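Colleague: I would like to learn how to read a model like this one. Please take the features one at a time.

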Amino acid sequence: DLVLELYQGISDEFVDGVRRMRIGEGFNGTVASTGEPLVIEDTITNPLLRNDAVVIEGIRSQLIVPLKSKGKAIGTLCVANRSPMKYNEDEVELLSSIGNQIGAGLENARLYQEMKQALRQLSQSEERYRDLFESASDAIWVHDFEGNTLTANKACERAFEYSSDEL
């Protein structure tokens with residue numbers, strides 16, 4: 001499904017009618033499915049029109065481009081006009097370029113959130129490991145290949161009667 005996230009210049013009632021769209025259906029769903037821009041000079045005569053809300057809202061022409069990330073459509077960007085209109089090739093290319101930039105930005109934001117989540121999980125795992133290491137009743141120490149002790153737990157300090165620094 002596509003979910004309408006941002007909009008301007010249309011009524012809330014219209015938004016309620018188109019908030020969720022299936023990929024492959026209607027104008028935006030077709031663009032999301034094909035990954036190609038779609039120019040609609042007059043919505044009323046277009047066979048893809050599947051939503052009377054577009055007619056009721058008075059939208060007559062649209063230019064819809066995919067928001068792409070890694071060559072795959074992850075959403076759509078639509079500009080519309082309340083009168084029939086021809087969009088020229090430069091306008092299609094400009095909006096497509098903006099769509100690609102937005103798609104890349106969304107992908108970067110998603111990757112950033114994943115990285116933050118992974119770092120949180122790593123920090124929690126490290127904290128659990130540290131707690132386990134410190135509270136173990138067995139002597140545990142870590143050394144390098146030359147035999148230098150890098151760290152030791154409290155049980156190790158008790159067993160050998162040396163502080164971690166002395167070990």
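Modeller: What follows goes from the overall fold to one helix and then to the pocket. This is a predicted model, in which local features need pLDDT of at least 70, side-chain atom pairs count only at pLDDT 80 or more, and totals for chains, interfaces and linings use all residues. Residues are numbered from 1 along each chain as its sequence is written, and side-chain values use heavy atoms, with hydrogens and water left out.

Colleague: How many helices and strands does the chain have?

Modeller: Helices (H or I, at least four residues) and strands (E, at least two) are DSSP runs, numbered from the N terminus. Here the chain has five helices and seven strands, in the order β-α-β-α-β-α-β-β-α-β-β-α from the N terminus on.

Colleague: What share of the residues is buried?

Modeller: Buried means under 20% relative accessible area, exposed over 50%, and partly exposed in between (1.4 Å probe, protein chains only). Buried residues account for 28% of the 167 in the chain.

Colleague: Why is H2 called largely enclosed?

Modeller: Seven of the nine residues of H2 are buried, so the rest of the structure largely encloses this helix. The buried ones are Gly26, Phe27, Asn28, Gly29, Thr30, Val31 and Ala32. Their cover, by contact (heavy atoms within 4.5 Å), includes S1, S2, strand S3 (38-40), S4 and S5. Just after H2, glycine 35 has a positive phi of about 75°.

Colleague: What is the volume of the largest pocket, and which residues are closest to its centre?

Modeller: On a 1 Å grid over the protein atoms alone, a pocket is an open set of points where a 1.4 Å probe fits, with protein on both sides within 12 Å along at least five of seven lines; lining residues have an atom within 4 Å of a point. The volume, the space filled by probe spheres set on the points, is about 1100 Å³ for the largest pocket. Of its 38 lining residues, Leu4, Met21, Asn28, Thr76 and Cys78 are the closest to the centre.

Colleague: Which element gives the largest share of that lining?

Modeller: S5 does, with eight residues.
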